[in-house]
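Keep the structure in view while reading.

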Amino acid sequence: MELLLAVVVGGLYACGLYLMLRRSLVKLLLGLVLLGHAANLLIFSAGGVVRGEAPLVAPGEITPPPGAADPLPQALILTAIVIGFAVVSFAAVLARRVFEVTGTDDPAAMENGS
Amino acid sequence: MTTGWTVLLPLLAPLAAAAAGLLAWRAPRIQAAVGIVGAGVQLATGLVLLRQVLREGVLAVQLGSWPAPFGITFAADLLGAVMVVVTGVIGLAVTVYSLADIDPGRRAFAYFPLVQVLLAGVAGAFLTGDIFNLYVCFEVLLMASFVLLALGGERAQMAGALTYVTLNLVSSALFLAGVGLTYGITRSLNMAELHLRLSLIAESRPELVLALAGVFFVAFGIKAAVFPLYTWLPASYHTPPVAVSALLAGLLTKVGVYALIRVLTLVFPPLPGAGSFLLAVASLTMVFGVLGAVAMFETRRILSFHIVSQIGYMVMGLALVGSDSPAVRTAGLAAAVLYIVHHIIVKANLFLVSGIAARLGGSFQLSKVGGLATAAPWLALLFLIPAGSLAGVPPLSGFWAKLAVVRAGLAGAAWWTVAAALGAGLLTVLSMVKIWTEAFWKPAPDTATPPPPPSRWRLALLAAPSVGLAALTVAIGLYPRPLYELSRRAAEQLLAPSSYVAAVGVATANDSAGRGGEGEP
């Protein structure tokens, strides 16, 4: 399972970087999305992929029972997803504005034109 | 030790001001007033915090009353407190300047609350004791800076903002990946606890720790704009209004440098080869940055390239932490801290002054302006102070900062980097002289079309923050001792992380009760 996840993470990074290197705003945006997903999945797999019990703390205890799954990577990913959502929405609006203002979706042409 | 809620105040003040400002969406005047109050309170609480840290040592607070590795840790050591104070100074100066500089169109889209969000993010980054929260604070300040950079939607701004947003998002994705890997390896995100665990892991798996440090170096290196990761900076910093440029130029790259210092001194144990690697990066950053500046003929572009070259001096100070001698380590790090403080004040001021010069002269293009020395002698003086300081002219703050870096470099036998620093210093003089002769000294070209001069009141608002920052530069230059002592104490604290770890109060790595398994994933 971890090997599969590692391959998927690597594939996501590769696709994301490839898309970002194309000369197109939309592909740039999609590349950013894939990079974010890759990072999230990386946290998930680095946190350890195990079948554990739900990490619920019994009454009177202060720690979850031994063998419980670690909830922290999921909390991190959840936060990262929320942040990623905000950032990608902003980037999408920016890309649209860039296209409207410059009339092109090729970042290289933009540099020369300004 | 869960005293010291003062730690949170410099973060909460601008955040509250931003929220209050957003409530008054239709009233930019109120937003501006609230913004000034927010920045002022941040500065005041920063000073209170610094005083308390000086007196009591590292302060830490755990949110949610959970003990150390579980609670959300905020901690202030001397470095963090000093950086917060400087943030407050720049925040206040830029907000006042913005009153006269920012057009109504930008104000209507919550310009002032956005500045407050940025200040909150910066202060949060300086004060957090948790590496994931460092990521969150980075995102907060980045998001605000994205909007500030793109607000207004001019054509040049769009191209600049696109580069800036893309590269910073790549850097954030890398940082996030680094955080995930760190958690996978150590089962912790608390910086104090990471300090303990990573030094244990470094004994058995040094290559793992080195690779992890590499991920963080690239992520923070992009944000700090070191060679060869700096290209986004000169492509974007000259496009927004001057007030925004000054804010970004003063604070943001230095947050990256701060993160490098924090991670390399507190989180990671001493890494083999890191010192010489950083020295090489520092030399190349200084030289390439300054060469870029020499080639430019637009004031803000010249200043942007100088940010890059100046980052090199700070990294050089940090690189000396790899030295064998404790005296060199302290001197290097103290020089880096001193340099950061000096640089933030001077660089923000240079941008502010360049904005006034462009308002009076009509353009940022050096070929299109001239004669400002006779038209506005006071402005010439106002430019000479930060420009001389940046170039390292005694007795201004830059002289002492450069002297400290170079002396530490000589003591650490980093000959090539010292040579690069001195060479870059000379070229810095050259490009400051270029701005001086072109904009101030030479007669105004016939093609120059100076715009109608701004009203007296507006000019006073523009000049006041600049005068204040220039006064600080001169004060540091004339009395460098207190600030240098402060930097040295901050450096000593950074090099002996046990006080930080003790203040945060994490258990030693051996008895990690209640946490998942230790060691490798």
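Helices, as named here, are DSSP runs of H or I with at least four residues, numbered from the N terminus. The model is a predicted one.

## Contact with chain A

Chain B meets chain A through 27 of its residues, which are in contact with 31 residues of chain A. On the chain B side, α6 (131–150) and α7 (155–186) each supply at least two of the residues that touch chain A. The largest share comes from α7(B), with 17 residues.

Sorted by class, this side of chain B has 19 nonpolar residues, 6 polar ones and 2 charged ones.

## A covered helix

Helix α3 of chain B runs over residues 78–101, a total of 24 residues. From its first C-alpha to its last it reaches 34 Å, close to the 34 Å expected at 1.5 Å a residue. The helix is mostly covered: 24 of the 24 residues in α3(B) are buried.

## An exposed arginine

B:R481 belongs to helix α20 of chain B, which spans residues 480–495. Is this residue buried or exposed? B:R481 counts as exposed because it has 10 C-beta neighbours inside 10 Å, and a residue with 12 or fewer falls in that class.

B:R481 and B:W400 are 81 residues apart along the chain, and their C-alpha atoms are separated by 9.6 Å.

## Two cis peptide bonds

The peptide bond that leads from B:F227 to B:P228 is cis, and its omega is near -5°. B:P228 sits in the loop that runs between α9 (206–224) and α10 (232–236) of chain B.

Another cis peptide bond joins B:P394 and B:P395, with omega at about 5°. B:P395 is placed in the loop between α16 (377–391) and α17 (397–411) of chain B.

## Two alanines with positive phi

B:A110 is not a glycine, yet its phi is positive, near 60°. The residue is found in the loop between α4 (104–107) and α5 (111–127) of chain B.

Why does B:A413 count as exposed? The reason is its 12 C-beta neighbours inside 10 Å, since a residue with 12 or fewer is exposed.

Conventions:
Residues numbered from 1 in each chain as written. Chains lettered and ligands numbered in written order. Predicted model: local features only at pLDDT ≥ 70, side-chain atom pairs only at ≥ 80, totals over all residues. Contact = placed C-beta atoms within 7 Å. Nonpolar A, V, L, I, M, F, W, Y, C, P; charged D, E, K, R; others polar. Expected span 1.5 Å × (residues − 1). Buried ≥ 20, exposed ≤ 12 C-beta atoms within 10 Å, placed from the backbone.
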